[in-house]
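Me: I would like to go through some labels given to this structure and ask what stands behind each of them.

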Amino acid sequence: MNLLITGAGGMLGKALAPCLEARGHKVQSVAKEVMDVTNFAQVKETLTSAAPDLVLHCGAYTKVDQAEAEAGLAYLINGFGTENLAVAACDLDLPVMYISTDYVFDGEKNHPYTTWDQTGPLSVYGKSKLAGELAIQRHLNRFYILRTSWLYGPHGKNFVDTIYNMAEEGKPLRVVADQFGTPTCTLSLSEIIADLIETDRWGVYHATDAGVTNWFEFAREIVKDIKDLKGKSTEVAPIETKDMPRPATRPKYSVLDKTTLVHTIGRELPSWQESLALYLKLKAVKSAVP
């Protein structure tokens, strides 16, 4: 397939392009500097010129806390920008995959959210991403909406790298233990996306690595893997959300049910522990190269 990736300079975009190319797809990566999603004429011109078989919309405003003070910008990019893309794609009869988030849910459940559950975002970021979902569904018949969570990967600032660097320095860590979800590596998510786009089974999907944890246990696993790899030990202490107030309210529980995805792509997903261990091994190998 001829594929166009928006937000190609982001963490997911940079992992996704080589994965899809390895599967034999032609990939056109478009950074935000090349296509501003808030400019409809520019979006329409880019899609017309590229003539892809599918648009993978990874571009987004992702500064969760900063969005509380920049609501207009978050909605402009995630809501209005996605609407521009959806309208242009509709005019050109192009399908779109929209990457969304677990933050479209309120976190009040105590078991995994299905794709049919009612949304109820708590933060500006979550609300703006939901606005993008609604825009895709409003204008297109052929689309994938892919909700994921707790992303980390080789090409951007993320929780794993932050904990890794602090552990390398031997700094004690205090990490929230009462927010539950599923860490997801962009490398495994890219493989999921590559599988899904080959099905032509349009719809809403939840895509994360397998399993459930909280930020504290996630941090402990990172530190444990670092100890196994490098022999360095760091103390990690659990705290509650109220002990570390932040501008944006996070859902207390945002585990996503992936049953529909698993049946559609025909395989089980790697556990978050497996994906993390692989990522940290790759990171250690890379850091060891002079």
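**Labels and the values behind them**

Me: What kind of model is this, and why is His25 called buried?
Reply: The model is predicted. His25 has a relative accessibility of 11%, and buried means under 20%, so His25 counts as buried.

Me: Where is His25 found, and with what is His25 in contact beyond its neighbours in sequence?
Reply: His25 sits in the loop between helix 1 (11-22) and strand 2 (26-30). With neighbours within four places in sequence left aside, its contacts are Met1, Leu3, Leu20, Ile197 and Glu198.

Me: How do you know that the span of helix 3 is close to the expected one?
Reply: Helix 3 (residues 71-92) has 22 residues. From its first C-alpha to its last it reaches 30 Å, close to the 32 Å expected at 1.5 Å a residue.

Me: Where is the kink in helix 3 centred, and what follows the helix?
Reply: The kink is about 25° and is centred on Ile77. After helix 3 comes Asp93, which has a positive phi, near 60°.

Me: Which residues of helix 3 are buried, and against what do they pack?
Reply: Ala74, Asn78, Gly79, Gly81, Thr82, Asn84, Leu85, Ala86, Ala88 and Ala89 are buried. The buried residues of helix 3 pack against helix 2 (40-50), strand 3 (54-57), strand 4 (96-101) and helix 4 (124-139).

Me: Why is Val255 called buried, and where is its place?
Reply: Val255 has 3% relative accessibility. The limit is under 20%, so Val255 counts as buried. Its place is in the loop between strand 12 (236-239) and helix 8 (259-265).

Me: With which residues is Val255 in contact, and how many residues apart in sequence are Val255 and Lys32?
Reply: Leaving out neighbours within four places in sequence, Val255 is in contact with Pro112, Tyr113, Phe180, Gly181, Thr182 and Val212. Val255 and Lys32 are 223 residues apart in sequence, and their C-alpha atoms are 30 Å apart in space.

Me: How many cavities of 30 Å³ or more does the structure hold, and what lines the largest?
Reply: There is one cavity of 30 Å³ or more. The largest cavity holds about 30 Å³ of space. Its lining is made up of Asp102, Tyr103, Trp150, Gln179, Phe180, Trp215, Arg250, Pro251 and Ser254.

Key: Residues numbered from 1 in each chain as written. Predicted model: local features only at pLDDT ≥ 70, side-chain atom pairs only at ≥ 80, totals over all residues. Heavy atoms only, no water. Helix = DSSP H or I, 4+ residues; strand = E, 2+ residues; numbered from the N terminus. Buried < 20%, exposed > 50% of the residue type's maximum accessible area, 1.4 Å probe, protein only. Contact = heavy atoms within 4.5 Å. Expected span 1.5 Å × (residues − 1). Bend = angle between axes of the 7 residues up to and from the residue. 1 Å grid on protein atoms, 1.4 Å probe; cavity = no way out; pocket = protein on both sides within 12 Å on 5 of 7 lines; lining within 4 Å. Points joined across faces, edges and corners; volume = space filled by probe spheres on them.
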